[in-house]
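Q: I've got a model open and I'd like to learn how to read it, one feature at a time. Where do we start?

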Amino acid sequence: MKINNRIANLPQYHFNEIDILKDKLKKQGREVIDIGIGDPDLEPPKEVNETLIEALSYKGYHNYPKGNGIAKLKQAIIKDYKLNYGVDLTEDEVLITIGSKEALSNIIPTVCDINDYIILPDPSYPSYESCSKLWGTIPYKMPLIEERGYFPNLKLIPEKIKKVSKLIIINYPNNPTGANLKKDFLEEVKEMCEKYNIVLCNDGAYKEIVNKKEDKLSILMGGINNCIEFSSFSKAFSMTGYRIGYVVGDKNIIKSLGEVKNNIDSGQFMPIQYSALRAIKDCKYYIEYINEVYRKRKVLAESILDEKNIKYFKGEGTFYIWCKVPKGYNTDEFCSELLLKKGIVVTPGSAFGRLGYGYFRIALTKDEEIIRNTLNRLDSYSKN
Ligand SMILES: Cc1ncc(COP(=O)(O)O)c(C=O)c1O
């Protein structure tokens with residue numbers, strides 16, 4: 001069969017491999033506990049499903065959605081950006097997506113031609129590189145390292161790469177490290193993008209999940225020109241399966257992204273858009289609630305990791321903990337040993353790129369009792 005050559009060059013989607021292995025162990029009667037994947041255990045706010053059901057009786061609910069999102073939802077997002085970040089937006093600067101994963105794929109043909117360069121972080125959410133390769137563009141990886149708090153050193157990006165790149169994707173609050181956006185980096189990256197005419201895109205899928213409310217920042221603060229930001233209902237309202245998110249920013253980019261989408265997906269089912277509207281309008285309490293839940297889980301997990309001598313980065317956002325593989329192991333050995341000997345799934349850092357070697361990621365998407373029981377089963381490792 002003849003298929004796209006680029007598919008052969010894609011890295012395996014790690015979570016599919018893990019699911020296969022987990023199923024195999026479960027069939028052998030083994031107990032497996034997954035603290036690797038970022039899919040919240042918490043239920044969405046109850047209002048979301050009330051509205052979802054109610055919206056099934058709205059006139060035309062079953063038709064193709066129009067206008068890249070319902071106007072009321074766009075208006076609620078506009079209000080939210082004003083309230084949280086002091087950013088003024090208009091409806092043509094907002095677009096509703098089928099989650100941020102859809103947005104991060106469709107932004108590539110929106111901005112780039114085949115063989116254009118895209119600047120991406122390493123380590124990072126694996127879909128950035130996969131989508132870049134699928135759309136025939138060339139990823140340039142900028143290292144995120146602990147010594148710099150997981151911010152890239154923009155000065156190290158070669159001049160010729162800056163000149164030929166059309167798009168840079170950053171991701172704060174950051175998966176997998178938990179680092180959050182800082183004002184000085186925001187200013188520096190904007191300056192670079194302006195100078196080299198690069199579209200700046202922040203994947204803000206976790207932007208509501210921060211240790212402190214005051215830490216909430218948007219890439220659109222201080223100017224929207226040539227910038228866009230993705231957001232999602234997936235993590236903020238535990239709605240991963242509903243598949244809904246949004247993109248806000250420069251209206252020329254939004255318009256072109258809308259054109260790409262009109263040719264690919266025709267938008268999200270309208271009752272789901274109404275349920276997202278209910279979430280953003282009436283369920284602000286929920287964001288405070290989950291941040292408190294994740295904060296307590298983080299304190300608990302960090303204290304057990306300390307007891308076990310496992311080093312980790314103290315991030316200010318997301319529900320992940322980015323941990324160092326104990327001395328004497330390589331990443332794959334360590335993660336396989338955890339799974340095969342203890343039945344514990346964590347995500348090996350290598351799933352996020354070359355610079356993820358030497359690390360593994362824990363997701364705080366299980367309740368405190370499970371986190372306590374699971375992490376207490378880890379061995380104690382030597383201090384260095
Ligand atoms: C950094 C990052 N971006 C995007 C996504 C996709 O999220 P969504 O459910 O909004 O498509 C994820 C999911 O885990 C993620 O970690």
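A: Let's start with contacts, meaning heavy atoms within 4.5 Å. Setting aside neighbours within four places in sequence, Tyr 85 is in contact with Asp 80, Lys 207, Lys 216, Leu 217, Ser 218 and Met 221. A word on ground rules: this is a predicted model, so local features need pLDDT of at least 70 and side-chain atom pairs count only at pLDDT 80 or more, while totals for chains, interfaces and linings use all residues. Residues are numbered from 1 along each chain as its sequence is written, and side-chain values use heavy atoms, with hydrogens and water left out.

Q: How far apart are Tyr 85 and Leu 217 in sequence and in space?
A: They sit 132 residues apart along the sequence, yet their C-alpha atoms are 6.7 Å apart in space.

Q: Is Tyr 85 buried or exposed?
A: For that you look at relative accessible area: under 20% is buried, over 50% is exposed, and in between is partly exposed (1.4 Å probe, protein chains only). Tyr 85 has 6%, so it's buried.

Q: Which helix holds Tyr 85?
A: Helices here are DSSP runs of H or I with at least four residues, strands are runs of E with at least two, and both are numbered from the N terminus. Tyr 85 lies in helix α4, which covers residues 71–85.

Q: What span does α4 reach, and what is expected?
A: The expected span is 1.5 Å times one less than the number of residues. With its 15 residues, α4 reaches 21 Å from first C-alpha to last, close to the expected 21 Å.

Q: What do the buried residues of α4 pack against?
A: The buried set is Leu 73, Lys 74, Ala 76, Ile 77, Ile 78, Asp 80, Tyr 81 and Tyr 85. Their packing partners are the strands β2 (94–97), β7 (227–232) and β8 (245–249), plus the helices α9 (233–236), α11 (270–282) and α12 (284–307).

Q: At what angle do α4 and α11 pack?
A: For α4 and α11 that's about 25 degrees, with the axes 9 Å apart. Under 35 degrees counts as roughly parallel, over 145 as roughly antiparallel, 65 to 115 as roughly perpendicular, and the rest as oblique. The two helices are therefore roughly parallel.

Q: What is the handedness of the α4 and α11 crossing?
A: Check how the near helix is turned from the far one: anticlockwise by less than a right angle is left-handed, clockwise is right-handed. This crossing is left-handed. At the meeting place, α4 brings Lys 72, Leu 73, Ala 76, Ile 77 and Asp 80, and α11 brings Gln 273, Ala 276, Leu 277 and Ile 280.

Q: What does Leu 52 touch?
A: Leu 52 is in helix α3 (residues 46–55). Not counting residues up to four places away, Leu 52 touches Tyr 242, Pro 271, Ile 272 and Ser 275. Leu 52 and Ser 275 are 223 residues apart along the chain, with their C-alpha atoms separated by 5.0 Å.

Q: How many disulfides are there?
A: A disulfide is a pair of cysteine sulfur atoms within 2.5 Å, and the count is zero.

Q: Which backbone spots deserve a look?
A: One runs from Asp 122 to Pro 123, with omega near 5 degrees, and Pro 123 is in the loop between β3 (117–122) and α6 (127–134). Another joins Asn 175 and Pro 176, with omega about 15 degrees. Then look at phi: Asn 197 isn't a glycine, yet has a positive phi of about 55 degrees, and it's exposed at 57%. Ser 238, also not a glycine, has a positive phi of about 50 degrees, but Ser 238 is buried at 7%.

Conventions: Axes fitted to C-alpha atoms, helices over the stretch in contact; angles between N-to-C directions.
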